[in-house]
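Here is a quick tour for anyone meeting this protein for the first time. Have a look at the model below, then read on.

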Amino acid sequence: MKAAILAAGLGTRLRPLTDLVPKTLMPVLNRPLIGVLLAQVEEAGFLQVAVNTHHLAEQVQQFLVSRPWSFNLSISPEPELLGTGGGLRQLGEILRAEAFLAINGDILTGLDLGAIRRSHRQEAATTLVLHDCPPFNNVWVDGAGKLAGVGERPAAAQGPPLAYTGVQVVGRKILEYIPPGGPYDLVAAWRQALEAGETIDTTVMAGHFWQDLGTPEAYLTAHQRLLQGEAPELARYFGPLADPLIGPGSYIEPGVKFGGGVSLGAMVRIGAGAYLRRTVVWDGAAIDPGVELQDCIVASGVRVGASARGQVLA
C-alpha cells in the first residue's frame, strides 16, 4: 500500500506561529504533527509514502530524513505552491500506484487508514471519507452512496450534507482531471470528473476521533480533547499522558496552578504563583511569576511577562 501526506500548505490562519514553524511540524503533545501521521501510516502497513513540501520546506525535509522510517519515503518539493489538486497529482506521479491513500497534513484522526485504503473499489475515480461534522458539512451524497456534489445542494443529493475528513483514496482516474505542471484545485477536479460521468465513492464514518488543527482555537481544542482521553486509539503515539503534560527539563515553581488542557514543552519555566488553563507552551518558553494565561499558545523561547487570554504569543 502507498500513501501521500499533503504538507505544503502555508498555514496562514495559524500565523504568527507558522512564520516560525510549518503547520505540519507544530507540536501536538510535544510531538510534531506529521510525526504522528507518519507513525499511523507506518503502523497500518504502508510501504511507500510521499510528502509534499513548500512553506519552510527545509524544516519539514530535515525532520523527514532524520527518522528511520520502515517505509520508502519520497519528498515532493513545490517551489511554486501547486494547490490541493496540483500537489496531489505530483504526489501521484511519484507513487505510481493504481490507487493510494491521501491525508491532509493538518488533521488528527483515529480512523483505520489501512482499512480505508483496502476498501477502495478500482472502478471508482476516488473514494472520499466523510463524516457529520458541522460547520464543515458541504458534501452531498446520492442514494447509492456516491458523491453528488460539493457546495450547493445538487438535484441528485439524498439526505443532509456531510464533511470531508481530509482522508481519501485517490485513483489514477481522478488525476486525469488535474492539469500537469501548475496549481489546481482538487474540488474542481472532483466536479469535472462527475460531469464526465466518473464515479466517486464515499465512505461515511461515525464514532471516531477527528480534529483539524488549522486555527489556534482548533489547535487548543485538539490538546484539550487528547488530554481528556477522547482519543484512546491515539494515546500510544504520545506516550504517558497527564494534564498538565510536562515536558522534560521543565521547572514548575511553587504555587503554580493549572486549570486543565495544559501542555508544556521541554525546558519550560513556570514562575511562582502563575495560573495556566487551556494553554500550550512550546519548548524553552518562560512564564513569569503571577502571570495568568487562558486559551493561549506560547511559541518556543518566548518569555511572557503579562497575563493574557485568547492570544498567540510568538
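## Before we start

A residue counts as buried when its relative accessible area is under 20%, and as exposed when that figure is over 50%. Keep in mind that this is a predicted model.

## The big picture

Let's begin with the whole chain. The protein has eight helices and 26 strands. Its C-alpha atoms fill a box of roughly 65 × 40 × 30 Å along the principal axes. For 314 residues, a compact globule would have a radius of gyration near 20 Å, and the 21 Å found here agrees with that.

Buried residues make up 53% of the 314.

Which residues have the most contacts inside the largest nonpolar core? They are Leu-38 and Leu-293, in a core of 73 residues. Helix α2 (residues 33-43) gives this core its largest share, seven residues. A second, separate core has 28 residues, among them Leu-95, Val-139, Val-150 and Tyr-177.

Helix α2 is largely enclosed by the rest of the structure, because nine of its eleven residues are buried. Just after α2 comes Gly-45, with a positive phi of about 95°. Leu-293, for its part, touches residues that include Tyr-275, Ile-287, Val-304 and Leu-313.

Most residues other than glycine have a negative phi, and most peptide bonds are trans. Here are some spots that go the other way.

Take the cis bonds to begin with. One joins Arg-15 and Pro-16, with omega about 10°; Pro-16 is in the loop between β1 (2-6) and α1 (17-20). Another runs from Asp-243 to Pro-244, with omega near 10°, and Pro-244 lies in the loop between α8 (216-227) and β14 (245-246).

Met-267 has a phi near 55° and lies in the loop between β17 (263-264) and β18 (269-270). Arg-278 has a phi of about 45° and lies in the loop between β19 (275-277) and β20 (280-281). Is each one buried or exposed? Met-267 counts as exposed because its relative accessibility is 57%. Arg-278 has a relative accessible area of 9%, so it is buried.

Methods
Residues numbered from 1 in each chain as written. Predicted model: local features only at pLDDT ≥ 70, side-chain atom pairs only at ≥ 80, totals over all residues. Heavy atoms only, no water. Helix = DSSP H or I, 4+ residues; strand = E, 2+ residues; numbered from the N terminus. Rg over C-alpha atoms; globule rule 2.2 N^0.38 Å. Buried < 20%, exposed > 50% of the residue type's maximum accessible area, 1.4 Å probe, protein only. Core = buried A, V, L, I, M, F, W, Y, C linked by side-chain atoms within 4.5 Å. Contact = heavy atoms within 4.5 Å. Lists of a residue's contacts leave out its neighbours within four places in sequence.
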